[in-house]
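My notes follow the model itself.

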Amino acid sequence: MVVTGHTSSGGPADPRRSHQKPASIRDVAQAAGVSYQTVSRVINDHPNVKEETRRRVEEAIESLGFRRNATAFALASGVTKTVTVLTSNTVLYGYAATLQGLEEAARAAGYSVGVRVLTPEDDLDRTIATAAAAGGGLVVIGFDRLGAAALDRVPSSVPCAAAVEAPPPGRTPPRPAVWVDDRTAARAATEYLLDLGHRTVHYVAIPTSTGSRRSAAPRAEGWRQALVAAGVTPPPPTGKGWDAQAGYDAGRKLVRDPDVTAILCGNDDLALGVLRALHHAGRSVPGDVSVIGFDDAPHSQFITPALTTVRLDFQGLGRSAFGLLRGQLESNYQPPEPTLVGPELVRRESAGSRSA
């Protein structure tokens, strides 16, 4: 049993206590002749407590009419079991799934989770200060430039962890962080299209967290590396956003070139827009053009044709990011090594051999 604090019971058993303040964890400690840390260990069923000590604490709890209260425990112990997530988006699949994994892990550990959505108009320093003032720690979802900027500006005194875009080789994020190797995954997806007989692969890019150049993002790098290794000059990447509208706009440009036969998209929402643009142009998928997405969002297997895509373990990212933060908040907690499921190319209907 894990609890996070205590208050008095609803009605006092002893009339003499009717106008007194609810008993605190320190009252229990004083009554039992132990430290408040020992009281916490007893209530949380920690094994390293002597039976005689446990009995005295339990008797004090019963006599004082104690019950759990997270705020009371936080004030008494200095541990605030709260996590605030800083993210610029809660709708796109990668962000939402990361947040889901984080929230599930936090809830299982007895933590509450708050979310602060970042906007370009925010004063980041003020936003971070407000979030940090809530206590606990921060988790930054830094998949984009705004999230990456927030991560850079979190003071070193604030417990913080992050889920980020894969950093360039030899560089590490400013705070403990987890990521997936989408650079290698994009390279494998591009190689798959080349193996199907396509002479080149066009790329519809997502924005990068590391700068203004689309080609600097890890997925773009993986795509480019595969083409260069095959002796193919990479065509200019296109795309100006994350959503299906951005994919549709990019797709309308690409369909003007009859030599375009294979398109890799930076996420599944972009791929959805590209598929619509191809449909409007009368180009069949995969007969005329093969399309591969990224992320394996839930809708990708139900569109027509079902989308070939790269599956990433976003929920695992969220769980692992919380584990890194929890290790900073709890002195007796050692976060396990991240156990992320590696990227997987999910082969469905939207990619096929190049037509003769």
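**Entry 1: ground rules.** I am working with a predicted model, in which local features need pLDDT of at least 70 and side-chain atom pairs count only at pLDDT 80 or more, while totals for chains, interfaces and linings use all residues. Residues are numbered from 1 along each chain as its sequence is written, and side-chain values use heavy atoms, with hydrogens and water left out.

**Entry 2: overall make-up.** I looked up the secondary structure and found 12 helices and 12 strands in the protein chain. Both are DSSP runs numbered from the N terminus: helices are H or I with at least four residues, strands are E with at least two. The chain has 356 residues, and 51% of them count as buried (under 20% relative accessible area; exposed is over 50%, partly exposed is in between, with a 1.4 Å probe and protein chains only). I then checked contacts, meaning heavy atoms within 4.5 Å. Of those with a separation of 6 or more, 69% join residues 24 or more positions apart.

**Entry 3: the five-strand sheet.** In what order do the five strands of the open sheet run? I read β4-β3-β5-β6-β7, with parallel pairing; two strands pair if DSSP finds at least two bridges between them. β4 (112-117) and β7 (177-178) are at the edges with a single partner strand each, so one side of each has no neighbour in the sheet. I followed β6 (residues 160-164) to β7 and found a parallel pairing over two bridges. Ala162 stands opposite Ala177 in β7.

**Entry 4: the three-strand sheet.** Another open sheet has the order β8-β9-β10, and its pairing is parallel. Here β8 (202-204) and β10 (290-292) hold the edges, each with a single partner strand, so one side of each is left without a neighbour in the sheet. Neighbouring strands are turned by 20 degrees against each other on average, direction ignored. β9 (residues 262-265) pairs with β10 in the parallel sense over three bridges, and Ile263 sits opposite Val291 in β10.

**Entry 5: helix packing.** How do α1 (residues 25-32) and α2 pack? I get an angle of about 100 degrees with the axes 8 Å apart. Axes are lines fitted to C-alpha atoms, for helices over the stretch in contact, and angles run from 0 to 180 degrees between N-to-C directions. α1 is therefore roughly perpendicular to α2 (65 to 115 degrees). Ile25, Arg26, Val28 and Ala29 of α1 make the contact with Tyr36, Val39 and Ser40 of α2.

Thr38, Val39, Val42 and Ile43 in α2 meet Thr53, Arg54, Val57, Glu58 and Ile61 in α3.

**Entry 6: cores.** Which residues touch the most other members of the largest nonpolar core? They are Leu264 and Val291, in a core of 66 residues. Such a core is a set of buried Ala, Val, Leu, Ile, Met, Phe, Trp, Tyr and Cys residues joined through side-chain atoms within 4.5 Å. Helix α12 (residues 314-329) gives the largest share, seven residues. Leaving out residues up to four places away in sequence, I listed the contacts of Leu264; among them are Ala186, Val201, Tyr203, Trp223, Ile292 and Phe294. A second, separate core has 16 residues, including Leu124, Leu146, Ala150 and Val158.

Key. Angles under 35 degrees count as roughly parallel, over 145 as roughly antiparallel, 65 to 115 as roughly perpendicular and the rest as oblique.
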